[in-house]
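Student: I am new to this structure and would like a close look at one part of it. Could you walk me through the place where the two chains meet?

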Amino acid sequence: MGSTAALKELQRDLENKANDLSKLQKDIAKNHQVRKKYTIQLGENELALKELDLLNEDANVYKLIGPVLVKQDLAEANANVRKRIEYISAELKRLDATLQDLEEKQNSKKEAIFKVQQRIQSLQAGKGKA
Amino acid sequence: MAENPAIKKGTVTPISSLFPAEEAHKASKRVQDTIAERQEQLDQLKGFMNENTNLINLVHKLPDELHHDIMVPFGKAAFFPGRLIHTNEFMVLLGVDHYVERTSKQTIDILKRRGKGLENQLESLKAVMQDLKAEASFFDAKASEAVDGLVEIREDYVEESPSEVLPLTNNTKDAIEDEEYTHILSRIAELEQQEEEAEKANEFNKDEQIENDLGCSTSQSFTGQEVRSSKVEAANLQSLSKDGSSRGKGPALNDSSLNNKALELAEVKEKVQAPVLATADHKVSRPSSIPGSDSSKAFTGSIVEHAHDIGINSTEQQTGARSSKPVSRFKMQRK
């Protein structure tokens with residue numbers, strides 16, 4: 001019957017949408033994790049910057065590159081840390097935007113799923129009556 | 001507590017319907033889990049702080065000697081005897097792969113600052129824990145209540161007309177909404193009356209005052225209105241017509257609708273509640289030299305009468321002038 005075919009289609013549609021939704025949710029979770037990491041790094045960098053600012057001009061700063069401690073200039077080290085901080089903040093902002101985007105998509109998906117479910121219900125009710 | 005629907009409307013809601021026992025249990029468990037997590041974090045932080053303190057002590061002790069004889073770890077499972085030299089030079093990690101050479105004292109400073117940061121974290125975590133614990137206990141309580149079959153009873157609070165306060169109260173509800181409110185109003189009215197009395201000699205002033213009072217009374221002090229009106233009446237009937245309604249109300253109150261109320265408007269201030277105020281406004285719009293225009297509307301609210309003359313106690317007045325006759329009122333005024 002046409003109605004059963006329509007019903008099957010709707011159900012397939014529902015499945016697809018549900019899959020999309022779960023994918024979206026996984027993306028959102030990943031986004032959260034990456035965000036957390038970045039936030040921690042940002043905190044660390046800020047702490048390092050604070051200590052660097054407290055140093056005398058003639059203090060020896062070394063940078064760890066692989067297994068080697070390389071002597072660095074204080075100004076250089078400061079610049080490095082600052083750049084790192086900027087980079088991380090930019091990344092965080094980008095992630096925020098992506099997160100927003102993902103969340104919006106998720107919401108719209110949820111609504112679409114809901115609508116499909118309603119249609120299925122009405123169809124089934126109609127079939128039952130007929 | 002027994003609810004008496006006859007007197008007060010109430011709703012009985014079994015707590016189990018608001019917080020089904022199972023759900024409350026689940027919620028409580030969830031909160032407990034979160035609490036456990038936070039507790040772990042708390043322990044971790046505490047571990048860090050301990051390490052930090054130990055390190056500070058060590059760094060403090062090291063420069064006491066020029067060199068220390070130690071067993072140096074070698075690989076995973078071996079040590080060899082060695083010496084720790086340059087006991088005052090420390091390479092401190094500042095976070096992002098950056099190290100800095102510092103002396104013992106400076107290192108201790110750095111470590112202390114780190115320790116403070118840790119402490120702040122600890123404090124905030126503790127606060128979170130507190131909240132979580134409160135939540136958990138709340139849920140537990142609700143769960144146990146629901147299990148016990150306790151019932152939440154809500155009753156509407158209906159103020160009963162304080163008949164003992166007002167001698168005449170036609171309208172119970174409207175009349176006695178706020179006793180305190182009326183008290184305050186009576187105070188204001190008394191003060192206003194005092195002012196007026198001061199200027200009693202001067203009609204003009206009185207009129208002005210009345211108008212002023214009208215202005216404010218429209219907002220709040222009906223009593224002022226009433227008082228003024230009554231006063232003005234006594235002094236000057238013409239002014240009555242000028243101010244029209246509000247004044248008119250006074251006599252109107254006395255004459256018309258007040259019959260049943262036995263409103264001793266005479267010497268007492270009347271506190272007219274909102275409904276009355278409405279009528280007052282209404283009256284203002286229709287100035288009439290003859291009071292008693294809206295007897296029916298005059299008193300939709302109860303009227304609390306206070307001593308008209310400031311010097312007189314309201315109670316006195318009340319007891320004194322029970323008869324709502326204009327005559328007595330004037331008499332009192334004259335007094």
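Tutor: Let's start with the polar contacts: between chain B and chain A there are 5 residue pairs in polar contact, with both residues of each pair at pLDDT 80 or more. That cut-off on pLDDT is there because this is a predicted model. On chain B, the elements that give two or more residues to the side touching chain A are β5 (98–103) and α3 (104–148). Of the elements there, β5(B) gives the most, with 5 residues. Sorted by class, this side of chain B has 6 nonpolar, 2 polar and 4 charged residues.

Now stay with β5(B) for a moment and look across to chain A. Strand β1 of chain A, residues 61–65, is joined to β5(B) by 3 bridges, and the two strands run antiparallel. To find this pairing on your screen, you can pick out K63(A), whose bridge partner in β5(B) is H98(B).

Next come the charged side chains. The rule finds 1 salt bridge across the interface of chain B and chain A. In a salt bridge, the side chain of E51(A) meets that of R113(B), at 2.8 Å from N to O.

Finally, step back to see the whole meeting place. Here 12 residues of chain B are in contact with 20 residues of chain A. Between them, the two chains bury about 1,500 Å², and 59% of that area is on carbon and sulfur atoms.

Conventions
Residues are numbered from 1 along each chain as its sequence is written. Chains are lettered from A and ligands numbered from 1 in the order in which they are written. This is a predicted model: local features need pLDDT of at least 70, side-chain atom pairs count only at pLDDT 80 or more; totals for chains, interfaces and linings use all residues. Side-chain values use heavy atoms; hydrogens and water are left out. Contact means heavy atoms within 4.5 Å. Buried area is the accessible area (1.4 Å probe) that two parts lose on being put together, summed over both. A salt bridge is a side-chain nitrogen of Lys or Arg within 4 Å of a carboxyl oxygen of Asp or Glu. A polar contact is a pair of N or O atoms within 3.5 Å; within protein, one must be able to donate a hydrogen and the other to accept it, and residues adjacent in sequence count only if both atoms are side-chain atoms. Helices (H or I, at least four residues) and strands (E, at least two) are DSSP runs, numbered from the N terminus. Ala, Val, Leu, Ile, Met, Phe, Trp, Tyr, Cys and Pro count as nonpolar, Asp, Glu, Lys and Arg as charged, and the others, Gly among them, as polar. Two strands pair if DSSP finds at least two bridges between them.
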